[in-house]
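Dear colleague,

Please find the structure below, followed by a short account of what was found in it.

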Amino acid sequence: MTITVVYDNNPYKEDLETGWGFGCVITGAEKTILFDTGGNGSILLNNMQKLAIDPNSIDTVVLSHIHGDHTGGLGSFLEKNSNVTVYLPKSFPKMFKDNIQSHGSKIVEVEQPLKICENVHSIGQLGKWIKEQSLIIQTEAGLIVIAGCAHPGIVKIVTAAKESLKDDILLVMGGFHLEWATKGKIEKNISTFRQLNVQYAGPCHGSGDKAISLFEKHFGKNYMNIGAGKVITMQHLQ
Ligand SMILES: [Zn+2]
Ligand SMILES: [Zn+2]
């Protein structure tokens, strides 16, 4: 199982372009999955090319939530490969869904937690205002939780993942939505991560520099520095 960050506003691999948003590709599971598409299709496709990920190798696209920094690259992606199933929160506007189907792609509307393929699950549609789904990957060492923006709250997402799949949390990565949070609130999140026994933390995208440096301080060697071009394999998680 490999997770490759193809889109992030934080830099990691020098020759990749950054842009506001998030996107990553999961390979090595039953399906090859693109989770979120970043805000800009040409950045997405250029980065995928530089990372040697062929858009045609993707069978499944999962969109965390409606915001443009997670869905903006979808149109350009579907121009390259429309032979995909797109999992999106049920609350997405009809026009958005119709547009995907007009490319000939299938959609799955997510409301409750559901299995996407062997070892990969959607947490289901969470949140009051901005509905969002996160991805959960089951590994032998525990669960990997990938959040797009984490509007429902990263702690809420991690708690729901733990409850729904009844396993330990190995890694939480993605947007933690703590950009505007106070130091006290961030530290409360970190101590809850500890209580929930989260092994590794990889905040990126909309986590904010303050939260990123506090997670780094508290997680030490179990902090994961994530940006565009980061590749995570199981070897990094032991
Ligand atoms: Zn958002
Ligand atoms: Zn975002």
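In which sense do strands β1 and β2 pair, and over how many bridges? Strand β1 (residues 2-8) runs antiparallel to β2, with six bridges between them; two strands pair if DSSP finds at least two bridges between them. Strands (E, at least two residues) and helices (H or I, at least four) are DSSP runs numbered from the N terminus.

This is a predicted model, in which local features need pLDDT of at least 70 and side-chain atom pairs pLDDT 80 or more, while totals for chains, interfaces and linings use all residues. Residues are numbered from 1 along each chain as written, chains are lettered from A and ligands numbered from 1 in written order, and side-chain values use heavy atoms, without hydrogens and water.

**Strand β2**

Of the six residues in β2 (residues 22-27), five are buried (under 20% relative accessible area; exposed is over 50%, partly exposed in between; 1.4 Å probe, protein chains only). Its phenylalanine 22 is the bridge partner of aspartate 8. Strand β2 also pairs with β3 (residues 33-35), antiparallel over three bridges, and cysteine 24 stands opposite phenylalanine 35 in β3.

**Zinc site**

His65 (NE2), His67 (ND1) and His151 (NE2) coordinate the zinc ion (ligand 1) at 2.1 to 2.2 Å. Donors are N, O and S atoms within 2.8 Å of the metal (3.2 Å for Na, K and Ca); water is not among the atoms, so sites may look incomplete. Histidine 65 lies in the loop between β4 and α2 and histidine 151 in that between β10 and α5, so the pair ties together parts 86 residues apart in sequence. Histidine 65 is buried, at 0% relative accessible area, whereas histidine 151 is partly exposed at 22%.

Yours sincerely
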